[in-house]
Structures are given as C-alpha cells and as structure tokens.
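Look at the chain as a whole before turning to single residues. The paragraphs below move from the overall fold to a few side chains and their neighbours.

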Amino acid sequence: MKIKTGIWVCWFMLDFLAGIPVQGQISPGELSKVHSHLEGISNCTQCYILGQKVSNEKCLACHTELKTRVDQEKGFHSSIEVKGKECVVCHNDHHGINFKIVRFDTTTFKHQLTGFELTGAHNKKNCADCHKAEFITDEKIKAKSFSYLGLKTECLTCHTDYHQKSLGANFTECHDSEKFKPASKFDHQKATFQLLGKHKQLDCAKCHKISTKNDKKFQQFKGVLATNCTNCHKDVHNNKFGQKCADCHNNESFKVTNSTNGFDHNKADFKLEGKHQQVTCKACHIGKLTQPLKFSRCTDCHKDYHRNQFAKSGVSPDCAECHTVQGFTEFSFTIEQHNASTSIFPLKGAHLATPCFSCHKKQEKWEFKEIGKKCVDCHIDIHKNKIKEKYYPEVNCEICHSSNSWNQVIFDHKKTLFELEGAHTKQNCRACHFNKEKTGHDNQKFEGLNTACTNCHKDVHQKQFEINAITDCKRCHNSESFKPAPKFDHNKTQFVLDGKHVNVACNKCHKLVNEQGESFVLYKIKEFKCENCHLR
C-alpha cells in the first residue's frame, strides 16, 4: 500500500514539474455527462475506495431513490438477473462525455422483472410512452433528464380517471389490459339492477347517460336511480295504475302484459288487502272476470268455520268482527270484548296471558260455547280423592287458589284440626302436604295427617322426652322457633339449678353422645352425683 502511494506521489511531482495536467495522466478517461460534475482527482473517492474498485455502497449513496427500491427488494435491480451483481458490470464510466451509462436492448428486455408485467395493449407501447416526467410524482426523480424509476403500478399513474373518482382507482376490476371498451370484467348481474329480457340488448349509454363534469366528458355508472321503471321509461299511463309497471308488464316487451295480475283491484268496489292479494283471480271469479260477485259479508265467499256458535237470533256476526284480512289465524277479538260477551268466565289473572287455543281448541275443532264454567273444564283436579269435598265443594278451585297463579294459595287452616301459628304461617303448603320421595299426583298427603310435631319434624332428642310413645315438643318449644326452648324450666326437673350451677353452660353437663350410629345431646342423665361431673 505504501509502494502504491509512493508511485502516485512520484507521478504527481513529475507531471507538476513538466507542466502537464495531473488529471489527464491518472484518469482512466473522461466521465459521461451525468457524472461530469465528479471530474477531478479530489472526487475519485466519491466512487472508488482507494486502492480498490468502484463500491456499490458509494453508488447507492448518491442514487438514493434506487437504494430505497433495493432495500425494499422491489423492482428490476432486486430481480434474480441483477441481484448480487456489481453496479459497474452494467453501468461503468470514463468512456467519454456522450457515453450512455444506462443502456440495454429495449426490444428484448424482460419487463416482468420490474414487478409489472406488460400484457395486452401495454406490450405495444414504447418505453418512452410511459417512462416520462409527467407520470412521475417523486420530484427528485422527475428533475432528472430521464429515468426509468419513479413510476407506480396503479392505473391512474399513466391513465386519466374517466370516471372522476366515482368508481375507485382499481381499473382492473372492470377493464383488462387489451382495451378500455368494453369493460370485459364487469358483470351487470352483480350490480343492484340486474339486466333481464330486453335490457340485455341495450347499449350502456341508454341508461348511463354521457354528460360533462368538471369540463370533461363523463358517463355516470354509479348512483343511477333504478328503483322504478319510470326512472328510465316514460309512464304513458300518467300514474293511473301506480309505479309498479311489473304488475302488468314484463322485461321482454311492454306489449306483453300480465293483465289479470296487474289489474288494480282497488279501483273496484272490493279492495284487495292482506291475504286477498295472494288469491288468484279464478278463486273468486269462477265464471267471467267481469261477472258481479256478492262480497258484503265474509261468508259470501268463506264457510262459517265456527258453525254458528256466535249466532244471535239465528244470525252469525261477520267474520270481520274478530278476524282481519291478514289471515284467519290473526284476530282482533280483544280481552275487553271477551269479558263483555260472557258472564260465565271473564278473563282475569293468569288467564289474561293464556292463548285462546289452550281453552278453545282442546280437540280438532274450535269450541266457544258451553266451556269454562268450572276450573276442571280446562284444568285437571289433582286433589281428587286427596282432599275432602267439604274443603272445596263442587270442585271449586278458587276457594284455595287464585287465578293469578296456582302457587298463590289462600286457605283458612283453622277449618282443620291444626291451626297455623308462628313459623308455620311462613311455610308453603308443599312443605307439609307433599311427599318429595314420590312423583306425580300421589305425592300429596292431606287426609289423615298426624298433628304431632314428630310427624313433620325429626326428634333430635332420640325419644328422651317421650311420654306414652308421644314426644310433645310444645312442652319446651313454641311454634316461633326451636331455639331456644323458652318453655323449658330446669327447676321442674329432677335436678334443680342453684348456686354456681345457675351460670354453668348447658353443654358442660349435657354432652354429645353417639348411640347406634346417631349423635344427640344427652339430656336424661340417670345419676346426679357430684363426682359424675366434678373431679374428686
């Protein structure tokens, strides 16, 4: 490295002494026009590394727009044919001021390597047709005398938006690269208005009018109103039959009409509403369409399905008093009408939310008369043979139950042998009268219930207080609560509490014991010796 440096110095001194320009002696040749600003020995290191060759890094340090593309691995310089090569292999210099650094055969260049393959009409274009300053948005590249960089691949880079942003920027959704007209990729069947019949043969301009917008020719494709035929066609009937031309006409021809379906029946004495609009003409007009028909009552056409059940003085009310033209399953008979029309069973409580068919269509036919006089007409008497008739004579469920809910039971328990007091008044009937171990209606127990406490409550004392086979809990407890036992008086037992015994806790003497697998507190102590409790 020192030897080379010495040689350079020697040459410099000799040239200087001889009056010969140094640059002319050491430069490999004159730089091209685009690099001419780098002439001079002081600029050599702008491209060369001393003692070495031209550096790719130094090239890209100046050509930053190309470096950006390389870093992004985009474009021709990142393709398999260029990637990894030295810049000077294709772009060397020092061949004179008019030498072209960028040179290649445009007729054989593989444009697909740039990331944009030329297809269709693009294949017929010259490079300069697209690679020109007016299509470049990058001001730095645009300032160059010429460059192949700076073009984007979007259609609007080179082409004018004829649609003026009304259809988006991606032309390839409708057009191909062969030609703009016709738009071969556009499928009108995917549009809001599908082309049927004669519409398929129309020229686009018939519906999509050509006008001027922003001083430019413009054809509207988006937002064309097509809600009615009259948006495009003149209504020769002057709205006499409304705007639904399809009721009478079809897409094949205006002269071909569906005359019966399109007839405006509302102009007749009988307007078609609801379900009547779906009925074919022949269903009512059995003879000629022009033959007059009776229609003052529903039964002129419809059979009285209810078999005169609502007849008064031999005359049935018209169906329209309860039903609507929306269908027989829909009716307008109100609860107020129900309660006003019957004194036998007015609707109240939970019956207000009960659907009609629950009561009136138990079988195949609807029944409205002679039903609902008793609860058991609709409800099963689950207490049959379980509760004596004297508690609900004539099977009148309302003596105990409310129409608001079966669970709302109002029964005067004083009528029985067991009056409810204290905590018993807070219990529901099922707690005592239903056996959880049984299913169905057999789980009831009303008749023959023993009033002894142990009939419902477990004897936790294991018969310690039993007298004549009966444990009477009421001797110590009351119906308010089992604990404490307010009626118990220890002084009435065989061991009267006095002295220090008064303040001794119960469990100090009455211990928990276990006999035959049952744990209980021992209250019946057989002996009352001091040593039984106290240490000797």
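The protein has 15 helices and 8 strands; helices (H or I, at least four residues) and strands (E, at least two) are DSSP runs, numbered from the N terminus. This is a predicted model, in which local features need pLDDT of at least 70 and side-chain atom pairs count only at pLDDT 80 or more, while totals for chains, interfaces and linings use all residues. Residues are numbered from 1 along each chain as its sequence is written, and side-chain values use heavy atoms, with hydrogens and water left out.

Begin with the overall dimensions. The C-alpha trace spans about 150 × 115 × 35 Å along its principal axes. The radius of gyration of the protein is 54 Å, whereas a compact globule of 536 residues would have one near 24 Å. That radius is taken over C-alpha atoms, and the globule rule is 2.2 Å times the number of residues to the power 0.38.

The accessible surface comes to about 42,000 Å², and 55% of it belongs to carbon and sulfur atoms. Such areas come from the Shrake-Rupley method with a 1.4 Å probe; for residues, only the protein chains shown count as cover. Of the 536 residues, 17% are buried. Buried means under 20% relative accessible area, exposed means over 50%, and partly exposed is in between (1.4 Å probe, protein chains only). Among contacts (heavy atoms within 4.5 Å) between residues at least 6 apart in sequence, 38% join residues at least 24 apart.

Charged side chains come next. The model has 8 salt bridges, each a side-chain nitrogen of Lys or Arg within 4 Å of a carboxyl oxygen of Asp or Glu. In one of them, lysine 53 pairs with glutamate 86, and the closest N and O atoms are 3.9 Å apart. This pair links distant parts of the chain, 33 residues apart: lysine 53 is in the loop between α2 (22-26) and α3 (56-62), and glutamate 86 is in the loop between α4 (64-71) and α5 (87-90). Lysine 53 is exposed at 53% relative accessible area, while glutamate 86 is partly exposed at 29%.

Another salt bridge joins lysine 67 to aspartate 71, with the closest N and O atoms 2.8 Å apart. Both residues lie in helix α4, 4 residues apart, about one turn of the helix. Lysine 67 is partly exposed at 34%, and aspartate 71 is exposed at 53%.

What about the cysteines? A disulfide is a covalent bond between the sulfur atoms of two cysteines. With the cut-off set at two cysteine sulfur atoms within 2.5 Å, the count is 0 disulfides. For cysteine 207, the nearest cysteine sulfur is that of cysteine 232, 4.2 Å away. Cysteine 207 is partly exposed at 29%, whereas cysteine 319 is buried at 17%.

Finally, consider two more places. Histidine 351 is in the loop between α11 (335-341) and α12 (357-360). Is histidine 351 buried or exposed? Histidine 351 counts as buried because its relative accessible area is 18%. Not counting residues up to four places away in sequence, histidine 351 touches Phe345, His379 and Ser403. Tyrosine 148 lies in the loop between α7 (139-142) and α8 (204-207) and is partly exposed at 32%.
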